[in-house]
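Here's a quick tour of the side-chain contacts in this one. Have the sequence and the 3D view open as you read.

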Amino acid sequence: MRKKIIATGMALLAAVTLAACGKSPDVTSNAQGTKIGDTIKIGVDMELTGPVSAYGSAENKGIKLAVEEINKAGGVDGKKLELVTKDNKSDNAESSTAATNLAVQNQVNAIIGPATSGAVSAASLNAQKTGVPLLSPSGTQDDLTVDSTSGKEKAKRFVFRTTFRDSFQGQVLAQYAQENMQAKKVVLFYDNSSDYAKGIADQFKKSYKGQIVSTQTFVANDTDFQSALTAIKDKDYDLIVMPGYYTETGLITKQARDIGIDKPILGPDGFSDKTFIDLAGEKDASNVYYVSGYSTKADLSAKARDFIKTYQKKYGGQPNQFSALSYDSVYMIAAAAKGAHNSIELADNLAKLKNFVGVTGTMTIDNLHNPIKSAVMVKLDNGVETSADTVTIKK
């Protein structure tokens, strides 16, 4: 058995090497996949340490909880789920290496993660080459699931996501600013070093019908935002739209409140971690709204209510959207694994998933491997979620 596994691993490694030498990194013609054996092996390629470990750690909790539940209920087709976890250290190169190791050395049948778009982009190349599907709970960059090498957009066969795309978040922010907040003038303040934030900002510009009175930018790891905030303080506007991650946006929010800017702040799902509140301070984390795939304040299904109870019992505290998205990701893979004999069949089943009822809503995978689902706009006051509005984009 060991010799057979080594031989299969070497064949997969050769396929990766051959594909890497070709013109396109997304060629799947050499993808051999992995056989589903006595267990269904799920690899986890996650940011468990490093700058964005808050996302990865939350997702790992959701993954482990879902696996425990499924195995306790008898598994899938009588087979238990087996986790193999790799820490990509919030580094894109590590993420790529982890994906290769999971597919080739560990012979997993599917990979959950990474959490962030850059890491997903790096890891997805190896999913394409090996035929082991990768499902990111929270990678939002638009092109993560898209292969445009032929000049025509088509889905990457082995790459999927559980959350919505950046452009969708940009549309949500624009629609919510216009219709719910009645904002005629806004300031756009975004992370110019992040494809994630730039994608959201670009779509916001296209979708928002009001006036953007000022556009300011920052870059990852900045800590002093006084100059930009002073420049916008006395302008005439209704709110600030702030695409970026909690590491900077939490600090910006605090510094804005400190100099007397009390306008509403709207952000993407990058705000969705307790660290945002820690950096902003509870008092200053007020009149803040952010896009989420999930909230305990939203109109919840029975499944979502059960998830909250089980999560609280196991971990204490409330689950956030990242835990919920990863929890759904495990159940999606479990559904796709039914009747599958190998990772390629599992991927094909995942592409056909329709009306899947998860704790983050009901979703159907579209032809570019994105979920069709609604978003939630969460409001923070004094660091506490006080409301959540469901947002469905109008055609």
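**Side-chain contacts at a glance**

With a relative accessible area of 33%, Lys254 counts as partly exposed, a label for anything between buried (under 20%) and exposed (over 50%), worked out with a 1.4 Å probe on protein chains only. This is a predicted model, so local features need pLDDT of at least 70 and side-chain atom pairs count only at pLDDT 80 or more, while totals for chains, interfaces and linings use all residues. Residues are numbered from 1 along each chain as its sequence is written, and side-chain values use heavy atoms, with hydrogens and water left out.

**Salt bridges**

- The count here is eight salt bridges, where a salt bridge means a side-chain nitrogen of Lys or Arg within 4 Å of a carboxyl oxygen of Asp or Glu.
- Lys254 has a partner in Asp258, with N to O at 3.7 Å. Both sit in helix H8, four residues apart, or about one turn of the helix. Helices here are DSSP runs (H or I, at least four residues), numbered from the N terminus.
- Asp278 and Lys274 also form a salt bridge, at 2.9 Å from N to O. They are about one helical turn apart, because four residues separate them in helix H9 (residues 274-280). Lys274 is exposed, at 57% relative accessible area.
- Asp381 bridges to Lys379, with the closest N and O atoms 3.4 Å apart. Asp381 is partly exposed, at 23%.

**Aromatic pairs**

- There are 15 aromatic pairs in the structure. Rings of Phe, Tyr and Trp (its six-membered ring) pair if their centres lie within 6.5 Å; planes under 30 degrees apart are stacked, over 60 edge-to-face, and the rest tilted.
- Tyr55 and Tyr246 have ring centres 5.0 Å apart and planes at 80°, so they're edge-to-face. This pair ties together distant parts of the chain: Tyr55 is in helix H2 (residues 53-72) and Tyr246 in helix H8 (residues 246-258), 191 residues apart.
- Tyr55 is buried, at 2% relative accessibility, and Tyr246 is buried too, at 3%.
- Phe218 and Phe225 make an edge-to-face pair as well, with centres 5.8 Å apart and planes at 85°. Both of these Phe residues are buried.
- One aromatic cluster is made up of Tyr294, Phe307, Tyr311, Tyr315, Tyr327 and Tyr331.

**Charges over rings**

- The charged end of Lys303 sits over the ring of Tyr331, 4.9 Å from its centre. The rule asks for NZ of Lys or CZ of Arg within 6 Å of the ring centre and within 35 degrees of the ring normal.
- Lys263 lies over the face of Tyr237, 5.7 Å from the ring centre.

Notes: Helix = DSSP H or I, 4+ residues; strand = E, 2+ residues; numbered from the N terminus.
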